[in-house]
Amino acid sequence: MKPKTSLKDIAKIVGVSIPLVSYVLSNKGKENRVSEKTAKKIREVAKELNYHPNWNARSLKTNKTRSIGVIVADISNPFFSNLARTIEDEAFSQDYTVIFGSSDEKVEKFNKVLDFLKMRQVDGFIIAAPEGSKDIIAELTKADIPFVLIDRFFNDLNTNYVTVDNFKASMQATNYLLGKGNKKIGAVLYESTLHHYQERHLGYLEALKQAGLPENAEFIKRINHRSLKTEMKRVVKELVQDAGVDAIYFHTNTLAEEGLTQMLALDRKILKKINVVVFDQNSSYNFLEDPIPYLHQPIKKIGQKALRILVGQIEDPTQAIQQISFETQLESSSLKTE
């Protein structure tokens with residue numbers, strides 16, 4: 001069997017020291033003042049010799065695996081799949097590998113995936129925590145395990161997180177409908193105690209309050225995410241036919257996808273009669289005749305920031321906690337909104 005290429009082999013051909021080769025191949029050439037010309041030559045020789053680092057040896061030496069675990073709520077959700085891709089790209093640029101898992105919003109599955117990733121000795125986590133997982137997240141903090149929460153966080157836990165300003169975003173969405181002259185604005189949201197969902201609801205209520213409109217329980221419909229399809233048909237009928245709303249604000253793209261399906265089943269021209277706005281984008285909106293206004297989340301910024309915070313914490317455990325909330329932008333599936 002042909003012996004594996006070593007750093008020594010590369011150093012001998014290029015005519016430099018072994019540490020210098022190590023700096024370049026571990027992406028630390030610039031900080032160790034290796035010239036670009038030399039770094040380029042080292043990479044070319046490493047490629048020609050088909051050099052591959054001994055990750056097991058590196059892991060034992062540095063106590064790091066250059067890998068991170070990412071646990072999202074549902075990888076099939078466009079928001080999370082796009083976010084996952086952004087995180088993967090950013091991790092790759094920093095010489096990290098990503099292992100993905102989905103909790104499906106089930107705390108039991110989340111705990112199982114988390115334990116699996118711990119056994120794989122990942123260096124840290126990026127997590128969209130499901131409802132009921134606060135104690136698990138608190139344990140990560142106590143164990144000094146690097147992690148960053150995305151999309152949602154627990155208001156009474158001091159952790160790294162990257163999300164959007166859900167309260168402000170919901171006010172923006174509701175004010176858009178108010179600006180269209182709507183007075184009977186329905187809201188469709190998930191039954192959940194998660195902070196970001198609560199903030200979206202409070203933002204909706206605050207916008208109504210500032211417009212001088214009272215909260216109407218008949219206009220607010222909560223759905224269990226485990227029975228989305230079966231409940232949505234009833235909810236849409238109650239809002240459109242029974243309550244007679246003139247607008248609906250769907251609090252997530254998954255609620256909107258099913259809600260719009262049920263609305264169009266009632267009346268193919270319904271979107272010309274009832275205004276709709278949605279929190280977050282979904283490609284299904286593009287197939288509709290009428291444009292759907294939605295709150296665009298800056299997915300690329302969220303993913304990149306989360307990864308950079310995590311890597312910073314992995315490399316420097318004393319790094320201060322960072323809590324970032326980005327703003328959303330109101331856009332449309334086909335036409336710019338007013």
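## Helix α1 and its packing

Helix α1 is followed by Gly15, whose phi is positive, near 85°. The model is a predicted one, in which local features need pLDDT of at least 70, side-chain atom pairs count only at pLDDT 80 or more, and totals for chains, interfaces and linings use all residues. Residues are numbered from 1 along each chain as its sequence is written, and side-chain values use heavy atoms, with hydrogens and water left out.

Helices here are DSSP runs of H or I with at least four residues, numbered from the N terminus. Helix α1 spans residues 7–14. Its residues are sorted below as buried (under 20% relative accessible area, 1.4 Å probe, protein chains only) or exposed (over 50%).

| Side of α1 | Residues |
|---|---|
| Buried | Ile10, Ala11, Val14 |
| Turned away from the buried side | exposed Lys8, Lys12, Ile13 |

The axes of α1 and α3 are 10 Å apart, and the two helices pack at an angle of about 125°. Axes are lines fitted to C-alpha atoms over the stretch in contact, and angles run from 0 to 180 degrees between N-to-C directions. In the contact (heavy atoms within 4.5 Å), α1 supplies Ile10, Ile13 and Val14, and α3 supplies Lys41, Ile42, Val45 and Ala46.
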